Structure formats: structure tokens, C-alpha cells
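The following note comments on the model shown below. The points are numbered so that each may be considered separately.

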Amino acid sequence: MIIDCHGHYTTAPPALEAWRTQQIDGLTDPARTPSRADLRIGDDELRRSIEPNQLRLMDERGIDLTVFSPRASFMAHHIGDLHTSSEWAALCNELCFRVSALYPERFAPAAMLPQSPGVDPVTCLPELVRCVEEYGAVAVNLNPDPSGGHWTAPPLTDRSWYPVYEKLVEYDVPAMVHVSTSVNPAFHTTGAHYLNADTTVFMQLVQGDLFTDFPTLRLIIPHGGGAVPYHWGRFRGLAMALGKPPLEEHVLGNVFFDTCVYHQPGIDLLFDVIPARNILFASEMIGAVRDIDPRTGRHFDDTRRYAEAAGLDADELTGVFERNARTVYPRLDALLTKQGRPTDQDSPTAQDRLTQQGRPSKQGR
């Protein structure tokens with residue numbers, strides 16, 4: 001089967017954004033502050049938002065399941081205070097859970113955390129616990145910069161983050177390190193801030209010794225790792241200068257990258273530099289780049305095609321498409337196992353859909 005480890009609810013019904021607008025208005029006019037009960041979205045509205053969008057594209061591209069989290073740019077932790085973020089996170093996480101309940105074989109929920117600038121990360125724990133225990137969340141998104149592009153938070157290796165890591169380790173849940181909207185005009189949200197954050201966080205991990213304290217903690221750095229693969233030699237040299245072990249020992253036992261890279265040369269570089277066992281398939285559709293590439297005639301974010309053309313052997317490709325995700329996301333593996341879903345190349349679902357649509361399978365390329 002093919003697992004997309006990086007999906008966001010970017011097509012949520014308009015009522016969600018309207019509720020958020022009211023919540024923001026309420027920061028200056030408390031009389032306008034909505035309650036959670038004011039948001040009313042029925043199951044049919046959820047279906048209308050998913051079936052012609054994510055589900056249609058998943059079927060067209062042969063993706064069996066997506067790890068589904070709230071829209072990253074909408075997390076906007078810089079807005080309001082902890083209460084603001086807590087209310088917003090609770091609603092967004094509930095919607096992702098409801099989508100996964102409507103389509104249990106196509107989506108698995110992941111949660112955003114109610115982070116807020118200058119607030120102790122320990123305050124995120126109640127929502128983390130709720131989402132794992134009540135919603136069956138298989139992962140969380142962790143924002144290393146709740147300030148929205150001003151980087152006022154300490155590095156992820158700082159001990160203030162440790163309560164979150166302790167709970168992730170307890171639950172055996174990974175975190176995708178994912179920033180949100182940039183309010184700094186120097187950093188475009190998806191074109192600069194996201195990729196800057198991916199690169200910055202990797203360097204923080206190189207500088208620190210986080211995985212000495214948390215040897216089983218697993219972090220996913222999205223968007224192909226930002227500049228990391230392109231500058232692997234720089235990071236190797238800096239690790240040496242800092243007296244750290246080789247990167248393969250220092251970070252690659254705990255850090256993974258996804259395939260949200262939107263051209264073939266970029267994917268080829270990713271696979272040339274990073275071991276295939278550290279790469280998880282993802283597309284982030286429907287997300288930052290939604291257009292068709294005029295050079296290929298296909299959507300930029302149809303990343304399956306790039307992975308299939310990257311020259312991996314069958315076992316490596318199977319790992320990227322499924323096995324690595326099931327290893328990094330143990331609760332996802334448990335969910336799929338409970339559903340009776342076969343593993344590796346034995347999965348018939350994506351294969352059959354593509355054959356029916358006249359598209360060659362990965363085995364036939």
C-alpha cells in the first residue's frame with residue numbers, strides 16, 4: 001500500500017474559517033467571542049469537502065491512506081494566548097478525527113498542539129493526551145516557532161520541550177516538526193518560512209544531544225528536509241567541528257524526511273544523499289503548490305511519480321511507500337493491522353485502482 005504521511009485539512013468547510021474569524025475578532029471585542037458549540041459542521045459537509053478533493057486525488061494517484069492533520073498555516077499559534085490556541089486546536093483536531101471516522105481506511109488523524117509564544121510547552125500535554133487517547137491520533141505536529149517567523153522560542157533541544165518528548169515517547173508517537181504562518185514580512189510562509197524552519201531545526205539537532213536523552217523519540221522533518229540534503233556536506237563538517245558523532249549515528253536513527261519535493265531533480269538528490277530507510281512518502285496535497293507544472297503536464301505535488309522515477313530498487317521503494325511509515329508511526333501500523341491491512345507489496349488496493357484506471361503500477365515501471 002501507499003501511505004502519505006503529510007496531509008492537511010486545507011479544504012475544511014467555510015464555517016471553520018468563519019468561526020476562527022470570530023474568535024480573532026473576539027480578542028479585541030470579547031462580545032464576539034464564539035463558543036466551540038457555535039461551530040456546526042455536519043457529516044455531509046465534511047464529505048463534500050473531502051470526496052471531490054483529497055479523496056479524488058488520492059484515488060487518481062494511487063494513495064491508499066493519508067495521515068491527516070489540521071491545516072498548517074491555520075495553526076497560527078502567534079494569535080491570542082494559550083486559551084485562544086487551545087480552543088482552536090480542539091476544534092481543528094476534532095474535525096480531522098471526524099474525517100478519519102468517516103473514512104477509516106483512507107485517513108488516520110494527527111493532531112496540532114495548542115502552542116503559544118512564551119508559554120511553557122508543558123501546557124500542550126492535555127490536548128496531546130486527549131487526541132491520542134480519545135481520537136487515536138498517530139502523530140502530532142510540533143511547531144518550533146510559535147511566534148510566526150520571529151523565532152522567539154528556544155531550540156528544540158532545550159529542556160523546556162522535554163515534557164512533550166516524554167509524552168511522545170510514552171505513547172510511542174512521532175512528531176512532524178512543522179511551522180505555521182509567518183507574520184514576518186521577510187519570510188514568505190510556504191516558500192521561505194517552512195523551508196527555513198526545516199533547515200534550522202535540523203541544525204539545532206546537530207548542535208544538541210537530544211537523542212541521548214530520548215533514544216526512541218522520532219521526528220519527521222517535512223518538505224524533503226529543506227536545504228539539508230543539498231548541504232549535507234556542510235552539516236557533516238559542522239558536526240565534526242562541534243565534536244559530534246557522524247550524522248548517521250548522531251541524528252539519522254531518530255530523524256526522518258518526507259518526499260514533499262516538487263521536481264524530479266530534487267527528489268533524486270534527496271534519495272542520493274539520505275538513506276532510503278529515512279525517507280517517508282508524502283505529497284502535502286492539497287497544499288502549498290497546487291498548480292500543474294507546464295514542463296511535465298502534471299501537478300507539482302504528484303510526488304509518487306518522482307519517487308518511482310528516482311531509481312530505487314523494489315525493496316527501497318516499498319519501504320518509502322509503506323514500511324518506513326509503519327515503522328516510524330507505530331500507532332498507524334497498529335491501526336492498519338487491526339483493520340487487517342496487508343503490508344508491503346502484498347497490498348492490492350493501490351495496485352488495483354491504478355490498473356483499473358489504465359496507469360502502470362510501480363512494479364511495472
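1. In this note, a residue is called buried when its relative accessible area is under 20%, exposed when over 50%, and partly exposed in between, with a 1.4 Å probe and protein chains only. On that scale Trp 88 is buried, at 0%, whereas Phe 74 is partly exposed, at 22%.

2. The model is a predicted one, in which local features need pLDDT of at least 70, side-chain atom pairs count only at pLDDT 80 or more, and totals for chains, interfaces and linings use all residues. Residues are numbered from 1 along each chain as its sequence is written, and side-chain values use heavy atoms, with hydrogens and water left out.

3. Aromatic pairs. Rings of Phe, Tyr and Trp (its six-membered ring) are paired if their centres lie within 6.5 Å; planes under 30 degrees apart are stacked, over 60 edge-to-face, and the rest tilted. The structure contains 13 such pairs. Phe 74 and Trp 88 make a tilted pair, with 6.4 Å between centres and 40° between planes. Because Phe 74 belongs to helix H3 (residues 72-75) and Trp 88 to helix H4 (residues 82-102), this pair ties together parts 14 residues apart in sequence. Helices (H or I, at least four residues) and strands (E, at least two) are DSSP runs numbered from the N terminus.

4. A second pair deserves mention. The ring centres of Phe 202 and Phe 235 are 5.1 Å apart and the planes stand at 80°, so the pair is edge-to-face. Phe 202 lies in helix H7 (residues 189-207) and Phe 235 in helix H9 (residues 232-241), so that distant parts of the chain, 33 residues apart, are linked. Both residues are buried: Phe 202 at 0% and Phe 235 at 5%. Elsewhere, ring pairs join Tyr 9, Phe 68, Tyr 103 and Phe 107 into a cluster.

5. The sheet. Three strands form an open sheet in the order S1-S2-S3, with parallel pairing; two strands pair if DSSP finds at least two bridges between them. Strands S1 (3-9) and S3 (107-109) are the edges, each pairing on one side only. S1 is joined to strand S2 (residues 65-70) by five bridges; His 8 has Ser 69 in S2 as its bridge partner.

6. Cysteines. With a disulfide defined as a pair of cysteine sulfur atoms within 2.5 Å, the count is zero. For Cys 92, the nearest cysteine sulfur is that of Cys 96, 7.2 Å away. The sulfur of Cys 131 is 9.3 Å from its closest cysteine sulfur, in Cys 96, which is too far for a bond. Cys 92 is buried at 5% relative accessibility, and Cys 131 is buried at 1%.
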